[in-house]
Amino acid sequence: MKTYATKEMVHEIEMTEPQVAMLVTLLKDDIEASSWNECDYSDTDHMGYLKDRADVLQMLKGLLANSAEVFQMLKGLPQ
């Protein structure tokens, strides 16, 4: 029996802000390192992987930006 994953699958994980920041760094480094190699634009599976990786990086960057905004708002609240 085979199980197939689809783009509609959603997974939730809990991460601390430093863990998200570390994952952003890892993805950025991976993107930079993979840019040193020639890309085979006819490999649609690989192109899909690159797009998914970029999408994840954008989501994580958004989480970090939002958490910074929330932290700044909470700092201004009375104790």
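Student: Where is Leu 63 found?

Tutor: Leu 63 is found in helix H2; helices here are DSSP runs of H or I with at least four residues, strands are runs of E with at least two, and both are numbered from the N terminus. Before we go on, this is a predicted model, where local features need pLDDT of at least 70 and side-chain atom pairs count only at pLDDT 80 or more, while totals for chains, interfaces and linings use all residues. Residues are numbered from 1 along each chain as its sequence is written, and side-chain values use heavy atoms, with hydrogens and water left out.

Student: Why is Leu 63 called partly exposed?

Tutor: Buried means under 20% relative accessible area, exposed means over 50%, and partly exposed is in between, using a 1.4 Å probe and protein chains only. Leu 63 has 49% relative accessibility, so it counts as partly exposed.

Student: What makes Arg 53 buried or exposed?

Tutor: Arg 53 also has its place in helix H2. Its relative accessible area is 8%, so Arg 53 is buried. Not counting residues up to four places away in sequence, Arg 53 touches Leu 27, Asp 30, Ile 31 and Ser 34, where contact means heavy atoms within 4.5 Å.

Student: And Trp 36, why is that residue called buried or exposed?

Tutor: The relative accessible area of Trp 36 is 65%, so the residue is exposed. Trp 36 sits in the loop between H1 and H2.

Student: Which residues make up the largest nonpolar core?

Tutor: That core has 5 residues in all: Val 20, Val 24, Leu 27, Leu 57 and Leu 60. They are called a nonpolar core because the term covers buried Ala, Val, Leu, Ile, Met, Phe, Trp, Tyr and Cys residues joined through side-chain atoms within 4.5 Å. H1 gives the largest share of this core, 3 residues. As for Leu 57, leaving aside neighbours within four places in sequence, this residue is in contact with Val 24, Leu 27, Lys 28 and Ile 31.

Student: What lines the largest pocket?

Tutor: The lining has 23 residues, and His 11, Ile 13, Val 56, Met 59 and Leu 60 lie nearest the pocket's centre. H2 gives the largest share of the lining, 10 residues.

Student: How do you know what counts as a pocket?

Tutor: On a 1 Å grid over the protein atoms alone, a pocket is an open set of points with protein on both sides within 12 Å along at least five of seven lines, whereas a cavity is a set where a 1.4 Å probe fits but cannot get out; lining residues have an atom within 4 Å of a point.
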